[in-house]
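Here is a friendly walk through the contacts and strand pairings of one protein model. Please keep the sequence and the 3D view open as you read.

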Amino acid sequence: MAGGDLGIVEKTGANDLQTKADRLVQMSICASLARKFPKVTIIGEELVIWVDPLDGTKEYTEGLLDHVTVLIGIAYGGKAIAGVINQPYYNYEAGADAVLGRTIWGVLGIGAFGFQLTEAPAGKHIIVTTRSHSSTLVNDCISALNPDSVIRVGGAGNKIIQLIEGKASAYVFASPGCKKWDTCAPEAILHAVGGKITDIHGNSFQYNKEVKHMNSAGVLATLRNYDYYASRIPNTVKQSLVP
């Protein structure tokens, strides 16, 4: 970032970017895991570690650094059981004396840490959704929920942070695009504090090594009141998204 050359390449299409930071952080995480846990296979029979070295790449390339997270999710038996969301640029606009960066982590049955759990204002329906991957279907789904307001930010990890810190009441993304490495860590943290995340049809995500990487039926997540939002997803939206 400081050098000015992000090494940006297109992965699969428009707005699906990868930078030098993605590549370097992923290599660093995998090397660190291999050193500390030499007997753990990164993609194993039962224990699977899903890594997104730079979540919110599009925002990173535009200098919106508070959207950026690093995600490490651990799944066992196909279920997300532990996760880490690191925000390397947290507080980057708070001044020279501010502590830069923070790490949020959670484990099922233990809890989640590194933040202050807060619920969205009672009676308010605040939707958080994609900033850079919007579509007619995404917007139609959001409109059907009749929200009081809509927050558009980058990064799946960042969107879950909006939920657990009370800035939004539901994360709605009625589109393919999100991958398993985007949702595994956030799911574990959200579940550790009593929230819920599924695809648009209400199906739970599976994280074993055989699953397809794409969450092709979108994402619906809440800290509370999941059924309220799930019941208002239009059938036309569900019919457009095949699990």
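## Salt bridges

Searching the whole structure turns up 6 salt bridges. Please bear in mind that this is a predicted model. Side chains of opposite charge can pair when their charged atoms come close.

Let's begin with Lys58 and Glu62, a salt bridge whose closest N and O atoms are 2.4 Å apart. Lys58 is buried because its relative accessible area is 18%, under the 20% cut-off. Glu62, with 37% relative accessibility, counts as partly exposed. Another salt bridge joins Glu59 to Arg131, and here the closest N and O atoms lie 3.0 Å apart. Glu59 belongs to helix H2 (residues 57-61), while Arg131 is in the loop between strand S8 (126-130) and helix H3 (136-144), so this pair ties together parts that are 72 residues apart in sequence.

Glu165 is buried, its relative accessible area being 18%, and Lys167 is partly exposed with 45%. Elsewhere, salt bridges that share partners join Lys58, Glu59, Glu62 and Arg131 into one network.

Strand S3 covers residues 47-55. This strand is mostly covered, as 8 of its 9 residues are buried. Leu47 has its place in S3, and with 31% relative accessibility Leu47 counts as partly exposed.

Which strand is joined to S3, and by how many bridges? The partner is strand S4 (residues 69-76), which runs antiparallel to S3 and is joined to it by 7 bridges. To find this pairing in the view, look for Asp52, whose bridge partner in S4 is Leu71.

A handy landmark here is Gly83, whose bridge partner in S6 is Gly106.

## Aromatic contacts

How many aromatic pairs does the structure hold? There are 6 of them. In one, the ring centres of Trp50 and Tyr207 are 6.4 Å apart and the ring planes meet at 70°, so the pair is edge-to-face. Trp50 lies in strand S3 and Tyr207 in the loop between strand S11 (196-198) and strand S12 (219-222), so the contact ties together parts that are 157 residues apart in sequence. Both partners are covered: Trp50 counts as buried at 5% relative accessibility, and Tyr207 is buried with a relative accessible area of 0%. Tyr89 and Tyr92 form another edge-to-face pair, 6.5 Å centre to centre with 75° between the planes. Tyr89 is partly exposed, with a relative accessible area of 22%, and Tyr92 counts as partly exposed at 28%.

If you widen the view around Trp50, ring pairs link Trp50, Phe205 and Tyr207 into a cluster. There is also a contact between a charge and a ring: the charged end of Arg102 sits over the ring of Tyr90, 4.0 Å from its centre.

## A nonpolar surface patch

Finally, let's turn to the outside of the model. Leu47, Tyr76, Ile81 and Leu108 form a nonpolar patch on the surface, and together they have about 310 Å² of accessible area.

Definitions and conventions
Residues numbered from 1 in each chain as written. Predicted model: local features only at pLDDT ≥ 70, side-chain atom pairs only at ≥ 80, totals over all residues. Heavy atoms only, no water. Patch = residues over 30% accessible without salt bridge, like charges linked within 9 Å, V, L, I, M, F, W, Y side chains within 5 Å. Areas by Shrake-Rupley, 256 points an atom, 1.4 Å probe, with all protein chains shown as cover. Salt bridge = Lys/Arg side-chain N within 4 Å of Asp/Glu carboxyl O. Helix = DSSP H or I, 4+ residues; strand = E, 2+ residues; numbered from the N terminus. Buried < 20%, exposed > 50% of the residue type's maximum accessible area, 1.4 Å probe, protein only. Phe/Tyr/Trp six-rings, centres within 6.5 Å; stacked < 30°, edge-to-face > 60°. Lys NZ or Arg CZ within 6 Å of the ring centre and 35° of its normal. Pairing = 2+ DSSP bridges.
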